[in-house]
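Here are a few exercises to work through with the viewer open. Try each task before you read its solution.

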2 protein chains.
Amino acid sequence: MTARTKGQVHIIGSGLLGTSIGLTLRKIGVDISLEDSSPATLKLAIDFGAGRELRPEDDVSLVVVCVPPDAAADKVLEALERFPNAAVTDVASVKSAILETVREKAEESFRYVGSHPMAGREKGGALNGRPDLFVGRPWVIITDEAAETEVINRVEALALDLGATTVRMSAAEHDSAVALVSHTPQLLASLLAARLVDADESALGLSGAGLRDTTRIAASDPTLWLQIVSANSERLVPILKHFEQDLTKLISALDEPGATGSLSVIAAALSKGNLGIARIPGKHGGNSTSYARVTVMIDDKPGELARLLTEIGDAGINLEDLSLDHASGAWIGLVELSVLPETETELIQLLSKKNWKLAG
Amino acid sequence: MTARTKGQVHIIGSGLLGTSIGLTLRKIGVDISLEDSSPATLKLAIDFGAGRELRPEDDVSLVVVCVPPDAAADKVLEALERFPNAAVTDVASVKSAILETVREKAEESFRYVGSHPMAGREKGGALNGRPDLFVGRPWVIITDEAAETEVINRVEALALDLGATTVRMSAAEHDSAVALVSHTPQLLASLLAARLVDADESALGLSGAGLRDTTRIAASDPTLWLQIVSANSERLVPILKHFEQDLTKLISALDEPGATGSLSVIAAALSKGNLGIARIPGKHGGNSTSYARVTVMIDDKPGELARLLTEIGDAGINLEDLSLDHASGAWIGLVELSVLPETETELIQLLSKKNWKLAG
């Protein structure tokens with residue numbers, strides 16, 4: 001693969017995103033320099049192979065600011081001063097405030113185009129950096145009339161080199177979108193998980209996948225998220241207030257389930273949830289190819305899964321997805337195989353012929 | 001495997017749970033009869049192999065009532081009349097009201113012990129029935145002074161035969177527990193997903209795993225959940241009100257992020273979420289064995305995954321978990337392998353030696 005990115009890329013901030021960007025770009029031959037306010041973090045990222053230190057003679061073509069949202073605007077302004085030939089972007093999760101500051105304060109602000117890769121993990125830091133972090137994920141490029149086409153192109157080349165899908169939006173559009181699809185779920189997951197702090201051990205013992213999935217992102221870094229949600233509070237508050245109104249209405253109905261109209265309020269809330277989730281694109285949503293799923297029970301010993309998949313592969317059947325779970329305390333391994341619907345019968349016939357234990 | 005369950009089991013209601021119970025028990029030689037208010041549903045479950053029709057000469061040992069919560073109490077009362085030698089249980093998600101009705105109205109109510117398998121799917125119906133549904137999941141047995149030991153034992157044998165882990169609780173303890181770990185997440189997921197109904201297509205295009213996971217259960221059946229949450233409203237309302245208070249406080253803080261104390265309110269909400277999620281047992285929670293995860297990129301063609309797993313199996317390395325995702329629109333398959341931490345180095349060395357593309 002030849003890099004679309006030309007020239008040296010300098011990454012400011014070698015945490016999860018900075019390290020992940022460096023790791024991938026170096027693999028396709030891009031010259032990467034790194035800096036970080038913490039010498040230890042910088043050394044770690046360099047040891048990991050994410051890039052090298054900056055040298056005085058370097059001629060940087062693109063600067064990527066990967067620092068926490070609070071510090072991003074200042075680092076972008078500094079970068080525009082320090083690297084006079086470079087395009088500058090940042091990857092912070094909230095874009096309007098940074099854009100305003102940069103357009104107002106920087107003389108050559110046309111060299112700045114903000115961006116936001118929709119990727120991350122619950123755990124941050126260089127240690128968790130990984131080159132696949134951006135693959136197949138949207139990468140928002142913030143376009144406005146002040147941004148130069150050549151600068152937009154350089155940022156877009158970076159995103160494409162990292163395997164992301166680029167999406168152009170204004171800062172306002174972006175911030176409204178993430179308030180809904182990212183920041184609101186984060187806060188509600190945190191508030192829901194907070195209800196568990198004083199829960200009985202025996203109640204928690206009944207937890208299933210529903211609770212785990214609805215609260216998973218509550219494990220995210222509070223310091224980072226404090227910066228994100230306070231920077232985007234203006235757009236978050238109306239959504240949360242709307243949610244609050246719906247919740248208040250639902251609580252009233254549940255408070256008197258026998259009252260006229262109560263059941264229809266509860267039913268409407270549940271049905272509206274069905275409608276909402278159907279609008280989410282992607283594999284769990286309504287707009288995706290839906291796969292047929294076949295569950296197989298396998299012995300929990302080395303080689304069994306391989307034997308299963310070898311037989312599937314030998315038959316020329318392509319798996320679209322696969323998930324494996326060791327049932328807690330049980331000796332059985334359950335493998336859920338997903339295939340295109342037209343392949344389901346063929347898969348089931350194969351598995352039966354080969355004496356695999358089918359579940360269902 | 002020899003069944004712990006002795007004698008004939010009669011299942012009333014051949015939907016998801018009834019069919020799944022029948023499928024498993026028949027495999028270990030238990031005589032299963034089925035009935036359903038819908039002849040078509042009954043025929044489907046019988047065709048699936050979940051059991052046979054009831055005969056007049058049958059001597060039923062255990063009746064399992066698997067009908068929607070609204071109908072459960074009546075069906076239990078009927079079953080106690082119709083099957084004078086049988087223990088009777090039900091699998092409804094809310095237990096107090098059914099127990100009260102049965103203890104009050106049935107003469108031989110000592111033959112009834114309620115239960116609740118903590119298992120289900122977003123999709124109901126016999127078509128989605130599967131014998132692995134209960135494996136490794138908690139199965140709550142509702143004990144009170146009126147329940148006979150022999151009856152408790154028969155219900156427990158059933159749960160164990162289905163691979164579940166039995167947990168004894170009072171009806172009140174059970175209903176409080178599920179209000180928190182199951183019914184509250186369901187309602188909040190529905191309300192969150194409802195916010196997406198009017199969202200811009202472009203905003204939804206930025207959805208990631210966070211939104212998908214927090215809303216997944218919003219796809220559940222509204223009719224069933226209407227019955228569940230209204231039957232347990234008394235225990236749900238205080239939890240939802242507590243959540244509402246936390247939300248109101250958070251919204252006020254976000255409304256004026258610059259005011260004294262606002263940031264600490266937001267930070268506290270996020271940190272409390274961290275504490276709460278750490279209390280959830282299981283693989284995503286804090287009390288489980290934590291695995292080391294290694295991500296490998298593989299070509300998206302038949303046999304590649306099998307080759308990877310064969311090599312891992314040949315090396316005697318046991319995978320604890322595995323997940324595979326085809327990045328949307330990309331040619332790369334990402335496989336996340338989980339192993340015990342002490343095996344991580346061995347796995348990485350093996351993969352490098354065999355020239356697999358490691359991510360990270």
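Two strands count as paired if DSSP finds at least two bridges between them. Helices (H or I, at least four residues) and strands (E, at least two) are DSSP runs, numbered from the N terminus. This is a predicted model: local features need pLDDT of at least 70, side-chain atom pairs count only at pLDDT 80 or more, and totals for chains, interfaces and linings use all residues. Residues are numbered from 1 along each chain as its sequence is written, while chains are lettered from A and ligands numbered from 1 in the order in which they are written.

**Exercise 1.** Work out the strand order of the open sheet of five strands in chain B.

Solution. Start with B:Q8, which stands opposite B:V60 in β4(B). Next, count the links: β1 (residues 8–12) and β4 (residues 60–65) of chain B run parallel and are joined by five bridges. Carry on across the sheet and you get β3-β2-β1-β4-β5 in chain B, with parallel pairing. Finally, check the edges: β3 (52–53) and β5 (87–90) of chain B each pair on one side only.

**Exercise 2.** Decide whether B:L158 is buried or exposed.

Solution. First find B:L158 in helix α5 (residues 149–161) of chain B. Then apply the cut-offs: buried takes 20 or more other C-beta atoms within 10 Å of the residue's own, exposed 12 or fewer, and partly exposed lies in between, with C-beta atoms placed from the backbone. B:L158 is buried because 28 other C-beta atoms lie within 10 Å. Now for its partners, where contact means C-beta atoms, placed from the backbone, within 7 Å. Skip neighbours within four places in sequence, and B:L158 is in contact with B:T5, B:L62 and B:V64.

**Exercise 3.** Describe the side of chain A that touches chain B, by class.

Solution. Begin with the totals: 119 residues of chain A are in contact with 119 residues of chain B. On the chain A side, helix α6 (residues 171–194) gives the largest share, 18 residues. Then sort by class: Ala, Val, Leu, Ile, Met, Phe, Trp, Tyr, Cys and Pro are nonpolar, Asp, Glu, Lys and Arg charged, and the others, Gly among them, polar. That side of chain A has 67 nonpolar, 36 polar and 16 charged residues.

**Exercise 4.** Find how domain 1 of chain A meets domain 2 of chain A.

Solution. Ten residues of domain 1 of chain A are in contact with eleven of domain 2 of chain A.

Note on methods
Two residues are in contact if their C-beta atoms, placed from the backbone, lie within 7 Å.
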